[in-house]
Amino acid sequence: MNKETLKKILLPFVVLVVLIQVWSGIASIVEDFPTPSDTLVYAFGGETADGDEIEGVLSDPFYIENQDDKGVFWQILASLERVFAGFALAVLVGVPVGLIIGMSKNFQYALDPFIQIFKPVSPLAWLPLLLFVFQDINTTAISTIFITSIWPIIINTALGVKSVNEDYLNVAKVLKFTAIEKVFKIILPVAVPYIFTGMRLSLGIAWLVIVAAEMLTGGIGIGFWIWDEYNNLAYHNIIIGIILVGLIGFILDVAMGKVADYFDYRKKM
């Protein structure tokens with residue numbers, strides 16, 4: 001094991017120890033704030049510092065008591081289904097729109113002001129209006145993810161198109177390529193790394209949005225589960241939920257990064 005690999009393993013552990021110490025310090029100051037050891041018990045089960053026997057939320061994540069009372073696995077699965085539905089819609093719409101904007105200055109002039117205006121709007125601002133329109137929890141959450149995660153895909157796709165060397169486009173003119181041929185034979189091979197960068201950012205935003213959206217819409221999902229635990233004063237479970245959301249977001253980012261690297265010709269040169 002070389003020195004760099006050793007650093008990559010040891011340094012995060014050092015930070016983890018510091019974070020646990022800070023957490024313990026907060027727990028000693030703030031009354032009823034969960035301690036790291038008790039949170040571990042609430043996660044996997046066992047006996048707390050007060051002597052209470054706890055069945056951890058992760059000891060049986062697959063249980064189904066009824067339609068509204070399910071284990072953590074089903075909460076996460078419901079959230080992921082909404083995230084991927086909204087993300088897929090954003091890709092289906094965002095990539096063609098980005099291609100058009102990158103290929104046509106007229107479309108860029110027409111759409112760019114609206115992209116710049118709507119891009120920074122918080123998902124929480126869209127949510128009440130979409131809930132009023134659709135009157136359905138799932139459709140509202142999916143459409144909120146779609147609206148807030150489409151912008152990185154459009155912007156990065158357009159950027160990828162603009163990065164195509166002018167000489168390649170001149171060759172396409174000489175060979176009398178149709179617009180479709182120009183897209184698939186010249187533009188897309190160059191723009192694909194940019195498109196996947198946009199998709200990676202978009203997926204991260206989608207996962208970020210779903211927690212806030214589910215807190216307000218209710219139903220099944222990790223966001224609603226965290227809010228429900230707050231209403232039950234189960235602060236240990238809120239911390240467990242935060243850690244789960246972070247871990248899944250990390251896994252999604254790494255997976256999307258691997259896919260992006262696979263299609264990035266620049267990293268194969």
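1. Let's start with a term you'll need for K7: buried means under 20% relative accessible area, exposed means over 50%, and partly exposed is in between (1.4 Å probe, protein chains only). At 39% relative accessibility, K7 counts as partly exposed. E4 is partly exposed too, with a relative accessible area of 48%.

2. Before going on, keep in mind that this is a predicted model, where local features need pLDDT of at least 70 and side-chain atom pairs count only at pLDDT 80 or more, while totals for chains, interfaces and linings use all residues. Residues are numbered from 1 along each chain as its sequence is written, and side-chain values use heavy atoms, with hydrogens and water left out.

3. Now the salt bridges (a side-chain nitrogen of Lys or Arg within 4 Å of a carboxyl oxygen of Asp or Glu). How many does a search of the whole structure find? It finds three. One of them joins E4 and K7, with the closest N and O atoms 3.9 Å apart. Both residues lie in helix 1, three residues apart, which is about one turn of the helix. As for the helix numbers, helices (H or I, at least four residues) are DSSP runs, numbered from the N terminus.

4. Next, look at E214 and R82, whose side chains meet in a salt bridge at 2.6 Å, N to O. E214 lies in helix 8 (residues 179-217) and R82 in helix 3 (residues 72-103), so the pair ties together parts that are 132 residues apart in sequence. Are these two buried or exposed? Both E214 and R82 are buried.

5. R200 counts as partly exposed at 32% relative accessibility, and D253 counts as partly exposed at 35%.

6. While you're in helix 8, find S202. This serine is buried, with a relative accessible area of 0%. What is S202 in contact with, leaving aside its neighbours within four places in sequence? The list is F87, A90, S149, P152 and I153, where contact means heavy atoms within 4.5 Å.

7. Over to helix 10 and its packing against helix 2 (residues 36-44): the angle is about 80°, and the axes are 9 Å apart. Axes are lines fitted to C-alpha atoms, for helices over the stretch in contact, and angles run from 0 to 180 degrees between N-to-C directions. That makes helix 2 roughly perpendicular to helix 10, a label used for angles of 65 to 115 degrees. On the helix 2 side, D38, T39, Y42 and A43 make the contact, and on the helix 10 side H236, N237, I239 and I240 do.

8. Stay in helix 10 for L244. At 15% relative accessibility, L244 counts as buried. Not counting residues up to four places away in sequence, L244 touches L58, V72 and I76. Compare that with L188: the C-alpha atoms of L244 and L188 are separated by 36 Å, and the two residues are 56 residues apart along the chain.

9. N170 has its place in helix 7 (residues 166-174) and counts as partly exposed at 35% relative accessibility.

10. Q135 is found in the loop between helix 5 (123-134) and helix 6 (137-162), while L233 lies in the loop between helix 9 (222-231) and helix 10. Q135 counts as exposed at 61% relative accessibility, and L233 is exposed with a relative accessible area of 59%.

11. Last, the surface. L11, V14, V18, V22, I26, I29, V30 and F33 form a nonpolar patch with about 710 Å² of accessible area together. Patches are made of residues with over 30% relative accessible area and no salt bridge; like charges are joined within 9 Å and nonpolar side chains (Val, Leu, Ile, Met, Phe, Trp, Tyr) within 5 Å. The areas come from the Shrake-Rupley method with a 1.4 Å probe, and for residues only the protein chains shown count as cover. I29 is in helix 1 (residues 3-29) and counts as exposed at 73% relative accessibility.

Terms used
Helix = DSSP H or I, 4+ residues; strand = E, 2+ residues; numbered from the N terminus. Parallel < 35°, antiparallel > 145°, perpendicular 65-115°, else oblique.
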